[in-house]
Amino acid sequence: MDTFLTDKNRAVRRSVRAFCERELGPIAKEIDQEASFPWEVVEKMGKLGYFGIQVPKTLGGAGMDSVSYIIVIEEISRVCAGLGLCVTVHNSVGVYPLLAFGSEEQKKKWVPPLARGEKIGAFCFTEPNAGSDTAGIEATAIRNGNHYLVNANKVFVTNGGVADVCLIFARTDPNAGRKGISVIVAERGTPGFVVGDLEDLCGVRSNPVSSIRLYDSQLPLENLLGKEGMGLRIGLTALDAGRIGIAAQAVGIAQAALEEGVRYAKQRRQFGAPIAKHQAVTMMIADMATQVEAARLLTFRSAVLRDQGKPFTKESAMAKLYASEASSKVTDMAVQIHGGYGYSKAYPVERYYRDARVTRIYEGTSEVHHLVIARGVLEE
Amino acid sequence: MNIIVCLKQVPDTDSQIKVAPDGNSIVTDDVKWVMNPYDEFGVEEALQIKEKMGGEVTVIGLGPKRVTESIRTALAMGADKGILINDPALENSDALATGRALAAAIKGLDYDLIFTGQRGVDDDMGLVGATLAEFLDIPQLSIIVKAEISEDGKSVKVNRAVEGQTLVIESSLPAVITTQKGLNEPRYASLPGIMKAKKKPLEEKTLADLGLDPSQVGEGARKLKIMELTPPPQRETGKIIEGETPEEKAAELVRLLHEEAKLI
């Protein structure tokens, strides 16, 4: 993989890895166990540009390419998947839709503080009755004079507990089906804006995933992103880019599991030799390393296509599907190599195992990605 | 205030070091190279002084092309310019020749202060700061944990830790300061910093550019010869003391320390 990278990409990897190992590594276990959000580290990340990776310099970002972006996400996730999730969701489905569909005024208002990490973004799509069925959204935003009257019950909102700028998917026209959905920006603190309890999740526990509800919130008409009825298009465009980030997150988790598996296999002795000398273990190591690299290359390819302005929907779906499935398998093998210790919190692999599992579920389940890929292949 | 930071690239301390077949060098094929951590303190201190007093920070590295990577890192942290002294004749130079080449590169520059690490974490010689100061005929302040520039920018007050006490030294500028752990916490290169670093000037200089003769540097000019490198002895496996009760184990431990290890 390294052969395909530019000097700049490599500099990004060096710098982000050093930061994460020193600043995030020592607390990764604790923030997982206590499900706490590490504000101190997040503030430092904001100053280093991690919250505006692809935001243009004129709006306070780093103005980087998608390849640098996946490197940042992989490196953060290698140390702490919950924070990797925070950063990728913020950048890809929180900030990117504002850049792609926002007016100049909207960009100037919301993007700079988001790019500096002073405010955190969230993508509020999922509802109790709308997940894979994107058109099932029931939230409403009814135009009423100079504002929208918004009622919404959004669940499993990544960054929900700390988000300041939330993209709310709601029906502006209850009778228009898929074409009646729009995106309205809601800021924390708006009357009627309520953050629900944090989810007690299996993995990615340092991320404050929560529900967000709006009760009769009056949001100004200028908070509409794009045009009325564009909601699904905005959402799907954001998710096309977003899943490259989730793929990178899955690669990061798998990479960490591979490294721990190798380390343990070299030091654990059974039958008078390190278990890395036993063929059954070497088979697993080979599978892990191959899957990590294949996942990384698929992710890299979708990032390159995006940088080149070429279509990447099918390719990013392939990357997300493969990387998340591989991450589950690789972390599972890392636990297996560790034996009983792998199932104990004394070693980090059980955390990787829990963290990897959700990458097959969010930002499009593996099943939905099969459909996206099949559609792409059959239409060719 | 114009500041120069000398930078060395060293094997990452995580790298496995193997002695080469010649017996007096290391195998460099699999080594991951990083900026000498003591030099990182120098870069950080220079940047902090620049942020307070203005001026420019120039980073000078000496070695093969790969050293540009570390120079770029310093530029991404915020330094303004880089210089790489790269000449095949410099290979296997000792500290005297390194100091000579650095001094030749620095002589023509406008500078008030020079930072170097107090030593490289590879061969731990700790000589380049001294040789450099000598060749430039300016004061050397070594192993420094705190540096304060006077308001007029004409002098510097530094602290060195000595035996639990602090030695405070004042010196006129320009001077060479060699850095010690504790001086500061080096910053990480930010993403916008990495983008900016690409456009910053990085000059490459050969011995001829510096007006030096190849016979003054490299293997032939070494005053200091490495006779042999040996890896540290393999740690022997530990011994677990068996016993029913803590008392029994303690007695056995004392017996072993006395009879086998002959420590007590």
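How many helices and strands does the secondary structure of chain B come to? Keep that in mind while reading these notes, and remember that this is a predicted model.

1. Let's start with the answer. Chain B comes to 7 helices and 12 strands. Its C-alpha trace spans about 70 × 45 × 40 Å along the principal axes. Chain B has 264 residues, and 44% of them count as buried.

2. Now zoom in on two of those strands. In chain B, strand E9 covers residues 155-162 and strand E10 covers residues 165-172, and the two pair in the antiparallel sense over 8 bridges. If you want a spot to look at, find Ser155(B), which stands opposite Ser172(B) in E10(B).

3. Next, hop over to the charges on the surface. Lys57(A), Lys196(B), Lys198(B) and Lys199(B) form a positive surface patch. You'll find Lys57(A) in chain A, in the loop between helix H3 (39-47) and helix H4 (66-79). Is Lys57(A) buried or partly exposed? Lys57(A) counts as partly exposed because its relative accessibility is 46%, and the cut-off for buried is under 20%.

4. Last stop: Asp173(A). This residue sits in the loop between strand E4 (165-171) and strand E5 (181-187) of chain A. With a relative accessible area of 33%, Asp173(A) is also partly exposed.

Terms used:
Residues numbered from 1 in each chain as written. Chains lettered and ligands numbered in written order. Predicted model: local features only at pLDDT ≥ 70, side-chain atom pairs only at ≥ 80, totals over all residues. Heavy atoms only, no water. Patch = residues over 30% accessible without salt bridge, like charges linked within 9 Å, V, L, I, M, F, W, Y side chains within 5 Å. Areas by Shrake-Rupley, 256 points an atom, 1.4 Å probe, with all protein chains shown as cover. Salt bridge = Lys/Arg side-chain N within 4 Å of Asp/Glu carboxyl O. Lys, Arg positive; Asp, Glu negative; His and termini not counted. Charge placed at Lys NZ, Arg CZ, Asp CG, Glu CD. Helix = DSSP H or I, 4+ residues; strand = E, 2+ residues; numbered from the N terminus. Buried < 20%, exposed > 50% of the residue type's maximum accessible area, 1.4 Å probe, protein only. Pairing = 2+ DSSP bridges.
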